Amino acid sequence: MFQKILIANRGEIALRVLRACKELGIQTVVVHSTADADAMHVRLADESVCIGPPPSRDSYLNIHQIVAACEITGADAVHPGYGFLSENAKFADILAAHNITFIGPSGDHIRIMGDKIEAKRTAKRLGIPVVPGSDGAVTDQKEARRIAAEIGYPVIIKASAGGGGRGMKVALTEDDLEIALQTASTEAGAAFGDDAVYIEKYLQKPRHIEVQVFGDGFGRGVHFGERDCSLQRRHQKVWEEAPSPALNAEERARIGGICAKAIADLGYSGAGTIEFLYENGEFYFIEMNTRLQVEHPVTEAITGIDLVHEQIRVASGGGLSVRQEDIKFNGHAIECRINAEDPRTFTPSPGTITHFHTPGGLGIRVDSGVYSGYKIPPYYDSLIGKLIVHGRNRVECMMRLRRALDEFVVDGIKTTLPLFRDLVGNADIANGDYDIHWLEKYLAKEE
Ligand code: MV4
């Protein structure tokens, strides 16, 4: 087991990882920018190293500073959290070259999944169902027209270096195809330095369902069920839940089994998320994330398993603490992302939190790095906390969520709490009847 872990992140996830380290008796080092000197995780860590000025590229993304902080403090592993360097293959390789363990998959697995064409080709080879479309990159218009005619319109053009909704163009008919292909490729070249694009059938009303997987480092793979993350705004998840209201136990076991086997065959190590669009009873792979995700606590709530403990165990060579048959699904969980933003316009609202009171009671978890008197710096993303609610079933979970939202007090800044108080009373949400476009349509109507 590791003696000392360096946490290369900030905010609620730095605190989340720190808690897991403490439970496992592992010493903690945090790195932070000058803007985060007063952060909770800096106060709670055994050691802290200031690695630079506020802009992320000079601090949380500065690989050399982070490696130097490892060398100075004698950390034997790095947990990257999510965002920042968590899916940077070069970072994983550099740490390995310095004999420091990256708590995550190999640089090569990160690289494969970061290239969306390569990721899709790999998924298909491993028996994961993918969206019908081009086999690899598409460059010429004639080939694009042939593929689009074959799969049928509408189609979507995606950048291979994109992902998470960046660099996509929809062509409703053949008349749109030429411009969609041209602009997608040009924009991808400018944004990512890679103009490769691919074509897929455009699914019009899917749900976003993702499967939590783990490779144990010894060639075995398991799944921890799915999360439904269909409620998004501009590709930012707002509300996540597990299990998906759209799936039955048979569908869950089928897609979970496919994913677990793929992870085993890939020889993948650590936590991963396989993302699907789900429409008319079918799953279609879109991407794989090679990190711990923001919404991992809903999976923890329904399985009772600490996924960060598992990441640390696997990275240290100790394997998983559970086999597939030990993973049982219990009840329902919902996560609300509390952002320091205007609840209608979503404009960031940094500043001082004058009062912070979190809800409690059975089935309530709040993961947050903020406190009364904390000043939110304007440099980073606006997530200030997550409310995760668990119940024996979805109805109980929703009742408890409504009550928890009533108790939650954040004064001094605007937050997205009022949005959740609206959503929890909405009939479609109560029925679990929503797709990836539901939230944007709802917000447009509310204006
Ligand atoms: C799609 C799609 C429809 N058809 N692919 C957006 C984020 C990226 N991960 C994939 N995305 C989409 N890919 C096909 N073939 C619709 C989306 C999409 C979306 C997906 C998940 C959650 C919210 C979304 C909002 C708009 C579009």
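Me: Where is Pro243 found in this structure?

Reply: In this predicted model, Pro243 sits in the loop that runs between β11 (236-242) and α9 (249-266).

Me: What kind of peptide bond joins Ala242 and Pro243?

Reply: As a general idea, most peptide bonds are trans, and most residues other than glycine have a negative phi. The bond that joins Ala242 and Pro243 is cis, with omega about -5 degrees. Another cis bond leads from Tyr153 to Pro154, where omega is near -5 degrees. Pro154 belongs to the loop between α7 (141-151) and β6 (155-163).

Me: What is the phi of His235, and where does this residue lie?

Reply: His235 has a phi near 65 degrees, which is a positive value in a residue other than glycine. The loop between β10 (221-233) and β11 holds His235.

Me: In what order do the strands of the open sheet of five strands stand?

Reply: In general, the strands of a sheet pair through backbone hydrogen bonds, and the pairing is either parallel or antiparallel. Here the five strands form an open sheet with the order β3-β2-β1-β4-β5, and the pairing is parallel.

Me: How many bridges join strand β1 to strand β2?

Reply: Four bridges join β1 (residues 4-7) to β2 (residues 27-33), and the two strands run parallel. Within this region, Leu6 stands opposite Val29 in β2.

Me: Which residue forms a salt bridge with Lys4?

Reply: The general idea is that side chains of opposite charge can pair when their charged atoms come close. Lys4 forms a salt bridge with Glu47, and the closest N and O atoms are 2.6 Å apart. Lys4 belongs to strand β1 and Glu47 to strand β3, so this pair ties together parts that are 43 residues apart in sequence. For the structure, the count comes to 34 salt bridges.

Me: Which domains does the domain assignment give for the protein chain?

Reply: The assignment gives domain 1 (4-103), domain 2 (132-201) and domain 3 (207-446). The C-alpha centres of domain 2 and domain 3 lie 30 Å apart.

Me: How many residues of domain 2 are in contact with domain 3, and what area do the two domains bury between them?

Reply: In general, the size of an interface is often given as the accessible area lost when the parts come together. In this case, seven residues of domain 2 are in contact with four residues of domain 3. The two domains bury about 390 Å² between them, with 49% of it on carbon and sulfur atoms. By class, the side of domain 2 that touches domain 3 has two nonpolar, three polar and two charged residues.

Me: What is the count of salt bridges between domain 2 and domain 3?

Reply: The count between domain 2 and domain 3 is zero salt bridges. Across their interface there are also zero residue pairs in polar contact, where both residues must be at pLDDT 80 or more.

How values were computed. Residues are numbered from 1 along each chain as its sequence is written. This is a predicted model: local features need pLDDT of at least 70, side-chain atom pairs count only at pLDDT 80 or more; totals for chains, interfaces and linings use all residues. Side-chain values use heavy atoms; hydrogens and water are left out. Domain bounds come from an automatic or database domain assignment. Contact means heavy atoms within 4.5 Å. Buried area is the accessible area (1.4 Å probe) that two parts lose on being put together, summed over both. A salt bridge is a side-chain nitrogen of Lys or Arg within 4 Å of a carboxyl oxygen of Asp or Glu. A polar contact is a pair of N or O atoms within 3.5 Å; within protein, one must be able to donate a hydrogen and the other to accept it, and residues adjacent in sequence count only if both atoms are side-chain atoms. Ala, Val, Leu, Ile, Met, Phe, Trp, Tyr, Cys and Pro count as nonpolar, Asp, Glu, Lys and Arg as charged, and the others, Gly among them, as polar. Two strands pair if DSSP finds at least two bridges between them.
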